Amino acid sequence: MSAATAATTTAAAALRFWERGRKAVCVGRNYAEHARELNNPLPQEPVLFLKPPTAYVREQGRPLRAPWFCSSLHHEVELGVVVGRAGSCISQAAAMEHVAGYALCLDMTARDTQEACKSKGLPWTLAKAFDGSCPVSDFIPKERIPDPHDLNIWLEVNGQRRQDGHTSNMIFSIPFLINYISSIMTLEEGDLILTGTPSGVAAVQEGDELVAGISGVVTMRFRVAARAPRP
Ligand SMILES: O=C([O-])CC(=O)C(=O)O
Ligand SMILES: [Mg+2]
């Protein structure tokens, strides 16, 4: 691909990736300390699940809220990778050419629902894919992050640091994940890959203020509202 084409695809993906109706492919248990804190085994292969485009919520938009069936809404701060060029069966060597940039993300999780799903051997869709379950920062162009495996990602609740991780501790690297995911489902321009959370996940309460950041790159702020009423 020419440099001009690469620049065009990057610019296109920079345009509000969260409004493009694209999927978020999420990786679970990609940090050993987080797998351990929830008493999960270390994965031999990436654990994957999906969030629909209706999961995205923007910083200046509506507040975060637990869905009606959840009484333990957890925060999980994660580095998001924004796909700039579609592909399937992308090699690890070519993987970074398909990256347009990054976003800071929260994989908001209905933890009690997830535990119930796990114990019944059911998928995690209710726990992970509800409306507003994926707060995202502005798009961060690739050029602003020379090494995505050398980032400090953190989250504070009401001014108290809860999560403080480093992307060098991912079990599966970004090129590995792009290769693995694209061998299962086509990655499209504007798709987001959530790369897993470091340890320190915990429940949020109505009225909490969440501030998360990638040190030296971006911060974002969200308020937690009352749980959604049962329809
Ligand atoms: O819910 C979980 O523990 C799995 C997950 O999303 C993560 O590790 O980021
Ligand atoms: Mg997660």
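## Aromatic pairs

Six aromatic pairs occur in this structure, which is a predicted model. One of them joins Phe-49 and Trp-124 in a tilted arrangement, with 5.6 Å from centre to centre and 55° between the planes. Phe-49 belongs to strand 2 (residues 47-51), whereas Trp-124 sits in the loop between helix 3 (111-120) and helix 4 (125-128), so the pair ties together parts that are 75 residues apart in sequence. Both Phe-49 and Trp-124 are buried.

Phe-172 counts as buried because its relative accessibility is 9%, under the limit of 20%. Phe-176, with a relative accessible area of 29%, is partly exposed.

## A ring cluster and a charged neighbour

Phe-17, Trp-18 and Tyr-56 are linked into a cluster by ring pairs. Trp-18 also has Arg-58 over its face, at 3.7 Å from the ring centre.

Strands of a sheet pair through backbone hydrogen bonds, in either a parallel or an antiparallel manner. Here, an open sheet is built from three strands in the order 7-4-13, with antiparallel pairing. Strand 7 (109-110) and strand 13 (202-203) stand at the edges and have a single partner strand each, so one side of each is left without a neighbour in the sheet.

Strand 4 (residues 73-75) pairs with strand 13 over two bridges, in the antiparallel sense. His-74 is found opposite Ala-203 of strand 13.

Key
Residues numbered from 1 in each chain as written. Chains lettered and ligands numbered in written order. Predicted model: local features only at pLDDT ≥ 70, side-chain atom pairs only at ≥ 80, totals over all residues. Heavy atoms only, no water. Pairing = 2+ DSSP bridges. Helix = DSSP H or I, 4+ residues; strand = E, 2+ residues; numbered from the N terminus. Phe/Tyr/Trp six-rings, centres within 6.5 Å; stacked < 30°, edge-to-face > 60°. Buried < 20%, exposed > 50% of the residue type's maximum accessible area, 1.4 Å probe, protein only. Lys NZ or Arg CZ within 6 Å of the ring centre and 35° of its normal.
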